[in-house]
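User: I would like to go through a predicted model. Please reason briefly and end each reply on the value or name I ask for.

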Amino acid sequence: MLFRSIEEQGLRLRALVKLGNQPSLFSYRTAPGKILNLLPGNTLALVSGQSPQDIWQNLEKQSQTNPDMQVVVEGAKRQVSQLKLDLNQDVLSWMTGEFALAALPNPPQKGGIFGSLGVAPVLLLDSSDPDRTNRALDQLDTLIQGKLSVAKEETAGKPVTYWRLPAGIFNRQTFLGHGWLTSNTLFVALGDAAIDSLVKPQGQPLSQTESFQTVVNTLPKTNGGYFYFKLSDLAQSANLAPIGGQFQRLPVETKAALESLQSVGITTSQPSENLNQVDVFLKFAPASGTSSPAASPSPSVPPSPTPTP
């Protein structure tokens with residue numbers, strides 16, 4: 001069942017899906033959203049949620065009856081075992097809290113190996129066992145030594161471990177950095193620009209910015225996490241990068257459609273045990289020389305029921 005309504009600043013969609021007797025690939029878990037306070041206000045895109053361990057365990061259950069998924073699951077376990085780590089015991093056992101995978105700006109003028117892309121990825125993970133997490137990280141640091149330079153330094157008062165590329169054409173640029181933003185929130189970021197954005201935050205965090213609030217205020221507050229894309233800034237960051245010329249080659253109609261869409265927010269919730277709800281908000285840029293249109297009164301999208309935690 002699909003509902004839609006025109007809001008003051010965009011279009012809101014809601015889909016309700018009745019669950020059958022078959023187990024869902026991803027079991028629903030409510031995400032508090034506190035980890036979003038650690039992302040900088042200029043975050044371009046993110047996917048957040050709760051408990052990677054639960055997600056993986058559901059994948060393992062599905063693999064018992066799905067040969068293709070079994071290949072993926074067993075392959076992942078073998079890859080991690082080559083790092084002398086057990087995927088379930090050493091890695092996923094402490095991933096029971098919130099997580100966020102995000103894209104941050106990496107301006108070309110800042111250089112770095114991701115400057116040509118204009119964006120750089122970061123991963124935040126809440127750990128239920130920081131000691132075990134540090135042991136896994138130490139194992140990875142030891143294995144990477146000899147291939148990359150590993151240096152433990154202090155940046156903005158926070159301990160950060162840097163993996164740097166060899167001298168020469170790479171000029172010892174930072175490939176990856178990891179450290180702790182709080183006593184139990186780990187970050188892994190690619191490139192110096194992304195690391196600095198996390199450990200040297202400037203201005204408001206993402207969760208308090210007007211652009212993010214405009215989108216998420218239309219979505220259910222109790223949810224399993226967010227998909228958020230600030231398309232206007234994402235396109236600008238990519239356009240400034242050397243690869244940005246590809247955007248200019250898009251058909252005029254496609255470019256116009258993308259430029260009119262400022263941001264997108266998506267979230268999932270579970271009003272009852274047998275019902276999944278997906279909410280989408282599309283925020284459009286106001287037409288040039290005009291103010292935002294008034295919201296069209298519409299009963300199309302009903303109020304959200306209280307989701308099951």
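User: Which residues of helix 4 are buried, and how are they arranged around its axis?

Analyst: In this predicted model, the buried residues of helix 4 are Thr133, Ala136, Leu137, Asp141 and Ile144. Seen down the helix axis, these residues line one face, because they fall within an arc of 140°.

User: Which elements cover the buried residues of helix 4?

Analyst: One helix is included in the cover, helix 3 (87–91). Strands are included as well: strand 6 (149–155), strand 7 (158–164), strand 8 (174–180) and strand 9 (185–189).

User: How far apart are the end C-alpha atoms of helix 4?

Analyst: Helix 4 has 15 residues, 130–144. At 1.5 Å a residue they should span 21 Å. The distance between the end C-alpha atoms agrees with this, at 21 Å.

User: Is asparagine 223 buried or exposed?

Analyst: Asparagine 223 sits in the loop between helix 6 (210–216) and strand 10 (226–229). Its relative accessibility is 2%. The cut-off for burial is under 20%, so asparagine 223 counts as buried.

User: Which residue has its backbone oxygen 3.4 Å from a polar side-chain atom of asparagine 223?

Analyst: Leaving aside neighbours within four places in sequence, asparagine 223 contacts residues including Tyr28, Arg29 and Thr267. The backbone oxygen at 3.4 Å from a polar atom of its side chain belongs to lysine 221.

Key:
Residues are numbered from 1 along each chain as its sequence is written. This is a predicted model: local features need pLDDT of at least 70, side-chain atom pairs count only at pLDDT 80 or more; totals for chains, interfaces and linings use all residues. Side-chain values use heavy atoms; hydrogens and water are left out. Helices (H or I, at least four residues) and strands (E, at least two) are DSSP runs, numbered from the N terminus. The expected span of a helix is 1.5 Å times one less than its number of residues. Buried means under 20% relative accessible area, exposed over 50%, partly exposed in between (1.4 Å probe, protein chains only). The arc is that of the directions from the helix axis to the C-beta atoms. Contact means heavy atoms within 4.5 Å. A polar contact is a pair of N or O atoms within 3.5 Å; within protein, one must be able to donate a hydrogen and the other to accept it, and residues adjacent in sequence count only if both atoms are side-chain atoms.
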